[in-house]
Amino acid sequence: RFGAEAPDTLLPCIAERFERERTQFESGPPIHAYKTQILNTLRRSPVVIVTAPTGSGKSTQLPQYMLDEVLKDDDKRQV
């Protein structure tokens, strides 16, 4: 429960979590490291299943990659 910690331990806990998340996303979401491989697979295959941990960028980055670099105006595939 938020606020259940003693005030002197809450701020360091929040600061530690913020720093960990900031560092994680400094170079983009984790899925960004696989962008080229994912794009090549999307161009070759009509169906692609991607599995990755929560927060890796599947829901936000993959559709954007497809719209920006894979799908053409007349493409029938769905995102």
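Tutor: Lysine 35 counts as partly exposed, at 22% relative accessibility. Buried means under 20% relative accessible area, exposed over 50%, and partly exposed in between (1.4 Å probe, protein chains only). This is a predicted model, in which local features need pLDDT of at least 70 and side-chain atom pairs count only at pLDDT 80 or more, whereas totals for chains, interfaces and linings use all residues. Residues are numbered from 1 along each chain as its sequence is written, and side-chain values use heavy atoms, with hydrogens and water left out.

Student: With which residue does lysine 35 form a salt bridge?

Tutor: In general, side chains of opposite charge can pair when their charged atoms come close. A salt bridge is a side-chain nitrogen of Lys or Arg within 4 Å of a carboxyl oxygen of Asp or Glu. Here, the partner of lysine 35 is glutamate 69, with the closest N and O atoms 3.1 Å apart. This pair links distant parts of the chain, 34 residues apart: lysine 35 belongs to helix α2 (residues 35–44) and glutamate 69 to helix α3 (residues 58–70). Helices (H or I, at least four residues) and strands (E, at least two) are DSSP runs, numbered from the N terminus. Glutamate 69 is partly exposed, its relative accessible area being 35%.

Student: How many salt bridges does a search of the whole structure find?

Tutor: The search finds two. In the other pair, arginine 43 joins glutamate 69, and the closest N and O atoms lie 3.9 Å apart. Arginine 43 is in helix α2 and glutamate 69 in helix α3, so this pair ties together parts 26 residues apart in sequence. Arginine 43 is partly exposed as well, at 45% relative accessibility.

Student: Where is serine 56 placed, and is serine 56 buried or exposed?

Tutor: Serine 56 lies in the loop between α2 and α3, and at a relative accessible area of 5% this residue is buried. Contact means heavy atoms within 4.5 Å. Leaving aside residues up to four places away in sequence, serine 56 touches Pro29, Pro30 and Ile31. The serine 56 side chain also reaches the backbone oxygen of proline 53 at 2.8 Å.

Student: What is the pattern of the protein chain along the sequence?

Tutor: The pattern is α-α-α, with three helices and zero strands. Of the 79 residues in the protein chain, 18% are buried.

Conventions:
Polar contact = N/O pair within 3.5 Å; in protein donor to acceptor, adjacent residues only side chain to side chain.
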